[in-house]
Amino acid sequence: PRIQSVPAAADSFPTLGRYQVINRIASGGMAEVFLARATGAMGFQRMVAVKLIHANFTRDADFVNMFIDEARIAMHLHHRNIVQVFDLDSENNTYCIAMEFVHGANLYDVYERIAAKGRWFESSFALYVIAEVCKGLHFAHTRTAPDGKPLGIIHRDISPQNVLLSL
């Protein structure tokens, strides 16, 4: 994607191709996730999450290939408990994945807010979240190719920060 500086409230955020970055959602050791507005023909707009590789990893061919494989695999996973991947793009050694934006909070942040009040998750809520995460994982882990061969998908980063809760 073509990166341009665009003014934001406190910072400048890039434009990544057709994705106007609005705000940072999360940052990890290898990538950042941003809220962005996808624009299209006739004024079409959609809010998406854009995952962008940190610049220092764009020169690591193994990491770039892993990032591309993540997008290719995820683009074929259609399940209510798995974030939908819409697009993979690159330009000038900048790689990004455009994904469904989940309006809500991650499990870690919700836990922190509850724990700060000296409370715990209700058992029924905790069991519901665990069951829903397991449904998504089971779907991904049992996927097969059109020829019936297992795809061998293994999610390598299950953590409370990667479990998104929405209404």
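Let me start with the contacts of Asn-106. Leaving aside residues up to four places away in sequence, Asn-106 touches Pro-160, Gln-161, Val-163 and Leu-164. Keep in mind that this is a predicted model.

Where does Asn-106 sit? Its place is in strand β8, which covers residues 104–106. Is Asn-106 buried or exposed? Its relative accessible area is 16%, and buried means under 20%, so Asn-106 counts as buried.

Now to another part of the chain, the hairpin. Strands β3 and β4 form it, with three residues between them. β3 takes in residues 19–27 and β4 residues 31–39, and the two pair in the antiparallel sense over seven bridges. For orientation on the screen, find Ala-26: the residue opposite it, in β4, is Val-33.

On to the whole protein. There are three helices and nine strands. Reading from the N terminus, the order is β-β-β-β-β-α-β-β-β-α-α-β. Along the principal axes, the C-alpha atoms fill a box of roughly 50 × 45 × 35 Å.

How many of the 167 residues count as buried? The share is 32%. If we take contacts between residues at least 6 apart in sequence, 41% of them join residues at least 24 apart.

Last, the surface and the charges. The protein exposes about 11000 Å², with carbon and sulfur atoms supplying 55% of that area. It carries 16 positive and 16 negative side chains, and the centres of the two sets lie 5 Å apart.

How values were computed:
Residues are numbered from 1 along each chain as its sequence is written. This is a predicted model: local features need pLDDT of at least 70, side-chain atom pairs count only at pLDDT 80 or more; totals for chains, interfaces and linings use all residues. Side-chain values use heavy atoms; hydrogens and water are left out. Two strands pair if DSSP finds at least two bridges between them. Helices (H or I, at least four residues) and strands (E, at least two) are DSSP runs, numbered from the N terminus. Buried means under 20% relative accessible area, exposed over 50%, partly exposed in between (1.4 Å probe, protein chains only). Contact means heavy atoms within 4.5 Å. Accessible areas come from the Shrake-Rupley method with a 1.4 Å probe; for residues, only the protein chains shown count as cover. Lys and Arg count as positive and Asp and Glu as negative; His and the chain ends are not counted. The place of a charge is taken as NZ of Lys, CZ of Arg, CG of Asp or CD of Glu.
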